[in-house]
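Please look through the sequence and the model shown here before reading on. The paragraphs after them lead from one part of the fold to the next.

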Amino acid sequence: MERKTKRLLIRRAQQGDRQAYCSMRNSEYVMQYNVMEEESPETLWEQIERDATSDRAFYLEDRASGELVGAVWLDRDSLRYGVESATLEYFLGKEYAGQGLMTEALEEILHHAFDELKLDVVCVRVFADNKASQRVVEKLGFVQEGILRR
């Protein structure tokens with residue numbers, strides 16, 4: 001899937017994303033709201049290779065600058081059975097946060113999830129202290145179904 005929004009190119013991963021992706025993915029800003037540990041560049045390069053062929057991994061490129069600004073995945077939903085479902089996972093680089101870019105990207109990716117992948121349910125898990133991400137998903141029409149404790 002390659003799609004354009006007003007400000008973004010939503011595309012598959014590319015080898016040229018290595019440096020920007022590694023920097024962003026392992027940054028303190030991204031790690032504070034994601035359940036993951038810092039990874040070696042080699043491990044992240046392998047992820048980029050997998051993401052390059054996945055119809056559920058999306059890399060976000062600023063159309064004006066050509067810079068990688070974030071990434072989104074539609075991952076397996078481990079909480080639902082018997083329905084076509086996915087969990088939305090995402091992050092933006094700190095310098096791109098607060099500009100509406102993730103809302104813009106997720107709106108397009110959700111159309112892809114429901115219209116092309118034919119998913120029945122898409123869920124997202126957001127930490128209680130991540131107010132910015134909560135605002136993003138609320139703008140997109142998600143409703144809170146529960147609270148998972150850390």
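**A walk through the predicted model**

At 6% relative accessibility, Phe-91 counts as buried, where buried means under 20% relative accessible area, exposed over 50% and partly exposed in between, computed with a 1.4 Å probe on protein chains only. This is a predicted model, in which local features need pLDDT of at least 70 and side-chain atom pairs count only at pLDDT 80 or more, while totals for chains, interfaces and linings use all residues. Residues are numbered from 1 along each chain as its sequence is written, and side-chain values use heavy atoms, with hydrogens and water left out.

A search of the whole structure finds four aromatic pairs. One of them joins Trp-73 and Phe-91 in a tilted arrangement, with 5.6 Å centre to centre and 45° between the planes. It links distant parts of the chain, since Trp-73 belongs to strand 4 (residues 68–76) and Phe-91 to strand 5 (residues 85–92), 18 residues apart. Rings of Phe, Tyr and Trp (its six-membered ring) pair if their centres lie within 6.5 Å, and planes under 30 degrees apart count as stacked, over 60 as edge-to-face and the rest as tilted; helices (H or I, at least four residues) and strands (E, at least two) are DSSP runs, numbered from the N terminus. Trp-73 is buried, with a relative accessible area of 13%, and a single aromatic cluster takes in Tyr-21, Tyr-59, Trp-73 and Phe-91.

Tyr-21 leads on to a packed pair of helices, for it is among the residues of helix 1 that make the contact with helix 3. Helix 1 (residues 18–25) and helix 3 (residues 41–51) pack at an angle of about 115°, with their axes 10 Å apart; the axes are lines fitted to C-alpha atoms, for helices over the stretch in contact, and angles run from 0 to 180 degrees between N-to-C directions. From helix 1 the contact also involves Arg-18, Cys-22 and Arg-25, and from helix 3 it involves Pro-41, Leu-44, Trp-45, Gln-47, Ile-48 and Glu-49, contact meaning heavy atoms within 4.5 Å.

Glu-46, found in helix 3, is partly exposed, with a relative accessible area of 46%.

Between helix 2 (28–31) and helix 3 runs a loop that holds Tyr-33, a partly exposed residue at 26% relative accessible area. Tyr-33 touches Phe-127, Asp-129 and Asn-130, again leaving out residues up to four places away in sequence.

Helix 4 (residues 101–116) has 16 residues and reaches 22 Å from its first C-alpha to its last, close to the 22 Å expected at 1.5 Å a residue, the expected span being 1.5 Å times one less than the number of residues. Its buried residues include Leu-106, Ile-109, Leu-110 and Ala-113. Most residues other than glycine have a negative phi, whereas phi of Lys-118 is positive, near 60°.
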